[in-house]
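Let's take a walk through this protein together. Keep the sequence and the 3D view side by side as you read.

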Amino acid sequence: MCGIVGITSFQNVVPRILKGLACLEYRGYDSAGIATIDDGNFEVRRAVGKLKNLKDVTHLNPLQGNIGVGHTRWATHGVPNEINAHPHSNDYVSVVHNGIIENHAELRKSLENKGYVFVSQTDTEVIVYLFTEYLKEGKEPLLALQSVLGDITGAFAFAIILKQNPDVMLVARQGSPLVIGIGQDEMYIGSDALVVSLWTDKVIYLNEGDYAILTPASYQVYNQKHHKISVEVKTVEFKENAVGKGNYNHFMQKEIFEQPKVIGETLLHYADHENFTTKLTTKADWKNAPRLSIVACGTSYYAGMVAKYWFEKYAHIPVDVDIASEFRYRDGVFLDKGITLVISQSGETIDTLMALTLATEQKQQTIAIVNVPESSIARLASDVLMTYAGPEIGVASTKAFTAQLTVLANIVIYAARQRGVMSLTQEKELLTDLFTVPGLIMTVLQNEAEVHKIALSLEKADGVLFIGRGTNFPVALEGALKLKEISYIHAEGYAAGELKHGPIALIDQETPVIVNAPSNDKWFEKTLSNVQEVVARGATVICLVDVIGQQALEANHIPNITLKMPMCSTFVAPIVYAISMQLIAYHTALLRGTDVDQPRNLAKSVTVE
Ligand code: M6R
């Protein structure tokens with residue numbers, strides 16, 4: 001969602017702020033802006049739409065300054081227009097903000113009563129006038145910041161520059177991420193470590209409630225109690241090309257093709273490739289845990305759904321899987337010694353973070369699977385298991401999903417062993433299967449020409465159904481999500497056995513049905529029957545099957561378009577079949593000419609509820 005970048009320096013910061021904004025684009029936005037202080041005055045440029053529009057504005061009407069803040073806005077309060085775009089400024093301060101000021105309406109009313117005239121529909125504008133009010137009272141910038149923080153509630157991160165103190169930047173964090181970067185005679189701020197790593201490898205991750213005052217040569221961080229604190233300066237490393245597209249046309253394409261390597265690296269961390277055992281451990285007590293609750297959103301939630309099948313089958317533990325935004329409000333029952341496992345690529349998804357907070361308050365043992373180290377979720381969970389996927393920039397999650405499944409598979413094996421229900425032989429079998437995954441994915445990635453043909457049959461569809469059974473049911477859901485989010489075609493995923501309970505009414509000649517049906521799982525015959533039912537109703541069926549599955553389709557004279565999949569074990573099939581789901585969505589979106597990496601209305605990390 002909204003992205004923040006800022007620099008205070010002894011040199012012009014404008015080109016770098018624009019570059020920083022480009023680095024934040026992946027978060028999703030619908031307008032952008034920049035403010036500097038030049039010769040004692042604020043210079044502000046804002047534009048609706050893509051960053052190119054802002055760059056055009058700054059080209060036509062250039063600005064400069066040794067201090068500046070930039071912002072990409074994902075609209076919450078107020079439509080995406082230039083007036084609502086950040087920075088919001090008056091003659092005293094200029095503010096960029098991520099998150100929501102929950103008590104903005106009452107603050108707005110009281111500020112209006114004092115004579116302030118609001119020009120935008122945003123919640124952010126209250127910060128501008130609150131600040132102004134305290135500065136007018138004669139408060140120093142830091143005291144004014146403390147007073148503002150006392151007034152506002154909600155989840156936010158913001159940065160402020162002040163006309164009267166033209167080298168000072170104030171920042172605060174409460175529920176939304178903010179990182180400080182330390183440079184040589186300059187300081188940086190950003191919504192993530194990726195953006196500040198453009199200029200430095202030394203970063204400070206602000207904790208909840210922390211705020212800071214920065215000048216080009218100094219920084220001081222304070223905690224919620226207004227005490228000066230010394231903070232750990234961490235070193236970030238982003239491998240070369242980790243945040244570029246390389247030779248690919250899109251980040252999503254690059255990230256799909258990185259998966260053999262990503263799974264390989266994640267396995268290297270968690271599994272012993274000589275003994276075929278898992279090296280992963282957790283602090284949680286699996287032996288005595290009465291239940292596991294898995295909580296996540298979107299694609300990460302579907303990873304959790306796959307894991308439920310695995311945990312119940314191999315570790316014999318009852319599992320609930322919840323969408324985080326439901327879990328946190330549904331008055332669920334927490335059992336003594338229960339384990340809550342949250343899954344999040346970004347580690348910043350607000351609902352997942354709040355669900356984790358709730359589980360912590362309810363004395364659950366907590367584990368987080370995240371892709372971003374030092375993210376809010378990583379910092380809160382008692383146990384953190386990283387996915388080693390590297391930065392995921394495409395809004396559609398791809399490599400993070402398969403990396404999550406790889407980590408989950410290892411947790412399942414570890415938990416099963418702790419619970420005394422898995423033999424070493426079985427562990428070795430499962431690990432052997434997992435080590436085949438990078439090679440299997442490479443085989444799937446070679447099928448692009450076939451995928452393109454399938455995309456041609458989907459391109460004009462108004463609706464597409466994805467079906468599967470067992471662990472391939474969540475993969476069907478994931479296939480539908482991928483297709484709808486980047487191609488804007490309406491798509492739904494169903495458990496194949498559920499079709500007759502309603503969705504089969506949607507079937508006609510214009511509605512393609514995509515079927516995930518690995519032949520060697522126990523559901524194959526049943527899925528085949530479901531395929532026959534939809535074929536009988538005139539549907540075009542696209543079957544993802546291995547060679548045995550293909551023979552079965554031919555033997556039963558089932559007309560279909562086939563996407564040939566490699567033979568693989570039931571255990572790893574959801575990881576392997578997910579790759580084809582991603583490729584189908586990607587090629588269909590290409591044909592439809594949509595913005596693959598930054599689809600409309602979407603944000604990469606959803607930091608407001
Ligand atoms: O960062 P998270 O894994 O917590 O994000 C959860 C969802 O927002 C995310 O998976 C979303 O559904 C993706 N756009 C799916 O491709």
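**Starting inside: a covered helix**

In α5, the buried residues are Pro141, Leu142, Ala144, Leu145, Gln146, Ser147, Val148 and Leu149. Here "buried" stands for under 20% relative accessible area, "exposed" for over 50%, and "partly exposed" for what falls in between, using a 1.4 Å probe and protein chains only. Helices (H or I, at least four residues) and strands (E, at least two) are DSSP runs, numbered from the N terminus. The helix α5 spans residues 141-151, and eight of its 11 residues are buried, which makes α5 mostly covered. And what does the covering? The cover includes α4 (125-136), β7 (154-162), β8 (165-174), β12 (211-215) and β13 (218-222).

A quick word on where all this comes from: you're looking at a predicted model, where local features need pLDDT of at least 70 and side-chain atom pairs count only at pLDDT 80 or more, while totals for chains, interfaces and linings use all residues. Residues are numbered from 1 along each chain as its sequence is written, and side-chain values use heavy atoms, with hydrogens and water left out.

Now hop to some loops. Val13 sits between β1 (3-8) and α1 (14-24), and Val13 counts as buried because its relative accessible area is 0%. Its contacts (heavy atoms within 4.5 Å) are Ile7, Gly65, Asn66, Ile67 and Gly68, leaving aside residues up to four places away in sequence.

Ser191 belongs to the loop between β10 (187-190) and α6 (193-196). Is Ser191 buried or exposed? Ser191 has 2% relative accessibility, so it counts as buried. Its side chain reaches the backbone nitrogen of Ile4 at 2.7 Å. That's a polar contact: a pair of N or O atoms within 3.5 Å, where, within protein, one must be able to donate a hydrogen and the other to accept it, and residues adjacent in sequence count only if both atoms are side-chain atoms. Beyond residues up to four places away in sequence, Ser191 touches several others, including Cys2, Leu24, Arg27 and Asn98.

His227 is partly exposed because its relative accessibility is 45%. Not counting residues up to four places away in sequence, His227 touches Val221 and Tyr222.

Next, find Ser519 in the loop between β25 (513-516) and α17 (524-535). With a relative accessible area of 12%, Ser519 is buried. The side chains of Ser519 and Asp546 are joined by a polar contact of 2.9 Å. Ser519 also touches Ile548 and Met567, among others. Met567 is in the loop between β27 (561-564) and α19 (573-592) and counts as partly exposed because its relative accessibility is 36%.

Finally, let's visit the ligand. On the side chain of Glu485, an N or O atom is 2.3 Å from a ligand oxygen atom. Val395 uses a polar backbone atom instead, 3.1 Å from a nitrogen atom of the ligand. The protein covers 91% of the 410 Å² of accessible area (Shrake-Rupley method, 1.4 Å probe) that the ligand has on its own.
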